[in-house]
Amino acid sequence: MAIGAVSSVTEKPGLQEVEDLFREHHELVYRTAYSILNNAADAEDVVQSLFLRLVRRQLPPDVRTNVRGYFYRAAVNQALDVLRSRRRYELVADVESLDLRSGSTDSQYLAERLNAVPLFAERLHRQLEAALAELSPEAVHILVLRYTHNYSDKQIAALLGLSRTAIAVRLLRARARLKKLMRDSLGEE
Amino acid sequence: MTRETFYTRSLHAFMEYCLGRSRAASRAQVDLSETRALQRLRQDPMWESDAPLFEAAPSALRRKPQGLNGISAASTFRRKSAARWAPVAAAAVVITAVVFTRPWRNDPLAVAIADGVFELQDGSRVEMHPQSDLSFERADDGVRIRLNRGGIIVNAAKQRKSHLYVQTKDLTASVVGTVFLVNAEEQGSRVAVIEGEVRVQQGAIERNLRRGEQVTSSAAMQPQPVVEGISWSRNAGVLAGLLQQSAVAAPALATQNQTSPRETFEVASIRIGSPTPSGGGRGRPANGACEGRIQIDPSRVAITGATLNYLVTLAYGYSTPFGDVVGGCAGALEKKRLSGGPDWVGSDRFDIEAKIPPGPVPYAEKVIDSRGGVERRVNPRLLEMLRALLESRFNLVVRREQRNVPVYLLVAAPGGSKLTASKEGEPAGSSVTRNGSYDGYKNGIAAPKPYGDLHVGHISARRGTMAILAGQIGRFTTDRIVLDRTGITGEFNYELFFVPFGPVPDGRSPLTSPTLEGALREELGLELKPLLEAVEFLAIERVERPTEN
């Protein structure tokens, strides 16, 4: 066949569908898992285990109505399981190294400052991972869609099957909860 | 310490940083993950199932097949550069149109799916190094890639009935399902396995290679770390990650890694000395676990009072007689880059005298490095002789693994380095203090005491190299190795004071500024960049005390 590997499974409709679903949603699953786990090998494990369910016909019946939403939620949940199972250890890093009080609140500015003190930036990443592991899966679903995939409230609502108002309220709560967790982890007043 | 930090007041920016750009997977990572995951899924027994996922599949889920550039049998490709590639891709599009209308005749062997990347009918992918020359041919039982010049990385799908061959002028590699690198050079050919297993045939000799192993067809070709061989790939990071998995499956590195005969010392004598006292603590190696001295002249190597830990790190390039490389032997033990073996590998001492065979190879301490600077190092061929000696006399078997681990790269800051060159003939020395009072001496020489009784972190050296500095900084990074990527050669004098690491005893005050990163940047014009990088680890699998002669 002229189209090589892609054509090799066309004679079996079920199989073609598996491959189509895989190719269509792989990137979403991989990028979502990667953004939470910050590790390519762990993200690949998430991809593998999720799509193995597909190959083995173990998907819940409601998947048909919102396949993308299913894979997204499953990716976040699986990544959170990995995050919670990770061994935690304190990184030796000095917090006072980062004087950001007078700086702009622009994320680019923050990135530049944090990149200049990688030990501290790594500590922040770990604190964030610990905080994400404490949040409800639904809160993480919304936060990752907003900050990793840059989805609008409307897009998040469509993917998760909720109203825009519900998304706005839940995003507000998720951010407040995260802020509290981060503040507690640093012992801030 | 500020208790009101930026990110709790501007959570939005913080989240964008932490979940966005700084943690985004690259395009190459996504692509390779897709290929690998699909290959694994295809190996699942249920993959062949005819059972539909849904009774009536939603039409929105179906995708139209994407246009691919088909390549007919026995096509030859030369990849000189991206600019030269464009007309080839254009020509391939034309071929596609013809082949697509006659699908059952003249099946293409491979399709070009990106610049320098081909996909075979079975899903195998071939990535060409620039300046390469290859052709695809139909073999009796599969496909043969003839590599005339340059390098390729083959990500082979599982071969059910057929075979995939890569042929160079002097060897043939055949695979079942694996990822491997082939180079065809003037001096000979090299095959290195990244994942899986490859059978290599050179004349009448056949060998199976596993992950992390490589073979060269000519003694003139120096062994090259596999991770260096794949560095040109657009998926280098992910391929390096595959190598990391060789931790489980990689066989011991032994003499058969090359088909050419190994170089050995002409004569070698070993004498067993008295054990060193144990000790250490706080995660540090036991006292003396890394002791040893080495002297090299053009005809002789003399090593005295050396532990096996020292000998192994020396033989594998982790230590040098001229200063630590990435923390040297002690750093290798601390960061678990060297592990395994009985207790005596860190306590028993050995004296070794070995005669270097005559030949044109220079064993001088100073060599011109690839950047044109002068660098002191032991000739790699001498290290190969030392490895051969350890394997034959100590029955040493070392497993060598590549793992993708978080590291810090020591690099020059944007404004350039501010290093002060050492003077010729200055005494060499270095010191590190994680958290202590500064005693007014540096490297044994009285110096001003700028910080009174404050507790400080401290790094200093005379005639220090960037590799030595990286090793010193590594003492402060609890879980990351620090690698020198400054590109700066030569010897320098430096001294840094910074915020101490760990709690300060009651009644003592710590230095509050600058941090280690700040001091590096301000005083030396250097920076640390966090990165995931493939790093080699050594594990002693077997070793025996040698008999004296």
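1. Arg170(A) and Glu138(A) form a salt bridge, with their closest N and O atoms 2.5 Å apart; the term means a side-chain nitrogen of Lys or Arg within 4 Å of a carboxyl oxygen of Asp or Glu. Arg170(A) lies in helix α8 (residues 164-186) of chain A and Glu138(A) in helix α6 (residues 137-147) of chain A, so the pair ties together parts that are 32 residues apart in sequence. Helices (H or I, at least four residues) and strands (E, at least two) are DSSP runs, numbered from the N terminus. Arg170(A) is partly exposed at 28% relative accessibility, and Glu138(A) is partly exposed at 35%. Buried means under 20% relative accessible area, exposed over 50%, and partly exposed in between (1.4 Å probe, protein chains only).

2. This is a predicted model, in which local features need pLDDT of at least 70 and side-chain atom pairs count only at pLDDT 80 or more, while totals for chains, interfaces and linings use all residues. Residues are numbered from 1 along each chain as its sequence is written, chains are lettered from A and ligands numbered from 1 in the order in which they are written, and side-chain values use heavy atoms, leaving out hydrogens and water.

3. Over all chains, the whole structure holds 14 salt bridges. One of them joins the side chains of Glu44(A) and Arg36(B) (2.9 Å, N to O). Glu44(A) is in helix α2 (residues 40-55) of chain A and Arg36(B) in helix α3 of chain B, so this pair joins two chains. Glu44(A) counts as buried at 7% relative accessibility, and Arg36(B) counts as buried at 5%.

4. Glu19(A) and Arg42(B) also meet in a salt bridge (3.3 Å, N to O). The pair crosses between chains, from helix α1 (residues 13-37) of chain A to helix α3 (residues 27-42) of chain B. Both residues, Glu19(A) and Arg42(B), are buried.

5. Chain B has an open sheet of four strands in the order β15-β21-β17-β16, with antiparallel pairing; two strands pair if DSSP finds at least two bridges between them. β15 (267-272) and β16 (293-297) of chain B stand at the edges with a single partner strand each, so one side of each has no neighbour in the sheet. β16(B) pairs with strand β17 (residues 300-306) of chain B over five bridges, in the antiparallel sense. The bridge partner of Ile294(B) in β17(B) is Ile303(B).
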